[in-house]
Amino acid sequence: MAQKRKKEGTRLTGRVVLPGNSSYNAARMEFNRRFSKFPRVIVFCRRTQDVINAIKWARERGVRLRARSGRHSYEGFSAVNGGIIIDVSEMDKIKVDRKNMVAHVQTGNPLARVYRKLWNERVALPAGTAPDVGVGGLTLGGGIGLLSRKYGLTCDNLKQVKMVVASGRRGAKTIVANKKKHSDLLWASRGGGGGNFGIATDFSFRVRPIQDVSIYSITWKWRDLEKVFPTWQRWAASVTNRLTSTIEVASKQVGTIVSTGQLLGSAKELRRLIRPLLRAGTPVKVMVRTVPFIEATRFFAEADLNLEPKFKITGAFGFQPLPREGVRIIRNFLSKAPNRHSTVWCQSLGGAGSAVSRVSPTATAYPHRKAETIYELSARWRNDSEQQRNIQWVKRFRRALRPFVVGDYVNFPDLQIKNWPEAYYGVNFARLKRVKRKYDPHNVFRFAQSIPVGSR
């Protein structure tokens with residue numbers, strides 16, 4: 001009997017979806033509908049053994065595999081034609097140990113659920129804004145959000161990761177990485193990108209007590225761009241690190257500039273802190289209020305809802321404010337945007353004793369510690385006929401800004417970046433290759449921009 005089972009190989013367990021199933025189309029869809037891939041099988045894992053079995057099954061048959069958590073890979077790296085998608089989205093347990101201020105979070109959880117479950121215990125994890133982003137990919141790439149300047153990136157609060165890695169020629173096994181064991185894998189899991197070394201199934205995070213926060217939103221007309229954008233850049237990096245803020249410049253067709261932010265403090269203090277912004281240009285709409293933290297997460301999530309289904313995004317980091325020429329480039333590109341769904345979005349990260357910039361660029365795999373700002377350039381559309389125009393616009397926009405910005409964020413991947421190892425990982429790339437060689441020497445976990453098995 002054992003001999004027969006060995007001959008047949010490992011069986012897939014969990015919820016297995018095949019091309020003939022009625023749920024196949026929904027199961028294969030990516031968040032970015034620009035990609036439409038047709039896997040041979042999709043496995044929705046419910047426990048760690050399902051992940052182990054799926055990796056073994058793929059290795060025994062020589063089938064390509066992809067790890068998937070929230071489907072938000074901007075370049076569709078979590079999907080594959082003819083291979084197996086190993087999806088952890090049904091692994092969504094969360095347990096909070098309030099005494100030790102630690103949360104155990106399975107990697108299939110979307111952010112909205114993480115925030116809600118932690119809020120029940122009045123604790124928070126610094127993380128992103130999009131409610132349906134998977135905590136798995138977000139954490140492994142870094143994780144930026146409205147608590148970043150005070151409490152760091154999501155990955156800075158990662159204490160331990162359980163990961164299923166390839167073992168031997170055809171096997172798979174679970175390992176636990178923390179400061180005491182497999183500390184090099186924990187280092188790589190803090191900003192080294194998702195799906196590079198294995199499939200993470202469980203995170204342990206340090207969490208923070210939270211109650212009420214204060215939020216603001218200021219809207220200007222497009223004509224105020226040259227006054228507002230430089231003011232925001234200088235202000236955002238110099239204001240207290242209890243305040244993390246964003247600014248989004250829409251296309252000229254939409255004609256708005258909106259800045260939002262969150263303060264760990266009172267509305268009265270926030271009104272005082274945003275005065276420099278209120279003096280810039282002529283604000284047409286101002287909102288300041290104190291809300292329970294969970295309500296703030298919903299407020300910031302609104303910008304990520306009802307977006308066009310197909311998009312091209314690229315990112316970059318600003319280590320100092322854009323000069324006048326850089327702001328002019330933003331104006332020029334957004335005045336000739338391919339459609340109204342084109343924007344530049346920025347978030348403050350560094351400056352004023354920020355928790356992000358206090359960490360050494362080599363202490364975690366995320367290297368962009370000294371950046372003051374992160375940029376996201378995006379174009380969105382619905383019809384395929386618009387695709388090339390939008391993609392080319394983003395490419396040209398990035399190229400035009402290149403003299404003033406550096407690198408890219410691995411969670412904003414861009415296949416058009418030729419030297420992506422330098423852009424994403426900078427000084428940490430050589431070490432990431434060594435970690436890859438140690439934990440995935442056969443390059444089982446690979447995709448278009450996966451970390452290669454290093455030769456040194």
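Q: Where is Phe404 found, in terms of helices H13 and H14?
A: Phe404 sits in the loop between helix H13 (387-401) and helix H14 (420-425). Bear in mind throughout that this is a predicted model.

Q: Which residues does Phe404 touch, and what makes them contacts?
A: Leaving aside residues up to four places away in sequence, Phe404 touches Leu322, Pro323, Glu325, Gly326 and Ile329.

Q: Why are E1 and E3 said to stand at the edges of their sheet?
A: The sheet is open, with four strands in the order E1-E2-E4-E3 and mixed pairing. Strand E1 (15-17) and strand E3 (65-68) each have a single partner strand, so one side of each lacks a neighbour in the sheet. From one strand to the next, the twist averages 20°.

Q: How do you know that E3 and E4 pair?
A: Pairing takes at least two bridges. Four bridges join E3 to strand E4 (residues 84-87), so the two strands qualify as a pair. They run parallel, and Ala67 stands opposite Ile86 in E4.

Q: Which strands does helix H3 lie across, and at what angles does it run?
A: Helix H3 (residues 48-61) lies across strand E2 (41-44), E3 and E4, at about 165° to E4. H3 also lies across E8, E9 and strand E10 (199-206), running at about 135° to E9.

Q: What makes E5 and E9 edge strands?
A: These strands belong to an open sheet of five, ordered E5-E6-E10-E8-E9, with antiparallel pairing. Strand E5 (94-97) and E9 each have a single partner strand, so one side of each is without a neighbour in the sheet. With direction ignored, neighbouring strands here are turned by 15° against each other on average.

Q: Why do E8 and E9 count as paired?
A: The cut-off is at least two bridges, and seven bridges join E8 to strand E9 (residues 171-177), so the pair passes. The two run antiparallel. Ala166 has Ala172 in E9 as its bridge partner, while Val164 stands opposite Thr174 in E9. Their hairpin has three residues between the strands, and Gly168 takes a positive phi near 65°.

Q: Which strands does helix H4 lie across?
A: Helix H4 (residues 111-119) lies across E5 and strand E6 (102-106), running at about 35° to E5.

Q: How much space lies in the second largest pocket, and which residues are closest to its centre?
A: About 380 Å³ of space lies in this pocket. Of its 15 lining residues, Asp156, Asn157, Lys179, Arg190 and Arg206 are the closest to the centre. Helix H6 (148-151) and strand E8 (158-167) are the elements that give two or more residues to the lining.

Q: How many residues of each class are in the lining of the second largest pocket, and what makes a residue charged?
A: Asp, Glu, Lys and Arg count as charged. By class, the lining has eight charged residues, four nonpolar and three polar.

How values were computed:
Residues are numbered from 1 along each chain as its sequence is written. This is a predicted model: local features need pLDDT of at least 70, side-chain atom pairs count only at pLDDT 80 or more; totals for chains, interfaces and linings use all residues. Side-chain values use heavy atoms; hydrogens and water are left out. Axes are lines fitted to C-alpha atoms, for helices over the stretch in contact, and angles run from 0 to 180 degrees between N-to-C directions. Contact means heavy atoms within 4.5 Å. On a 1 Å grid over the protein atoms alone, a cavity is a set of points where a 1.4 Å probe fits but cannot get out, and a pocket is an open set with protein on both sides within 12 Å along at least five of seven lines; lining residues have an atom within 4 Å of a point. Grid points are joined across faces, edges and corners, and a volume is the space filled by probe spheres set on the points.
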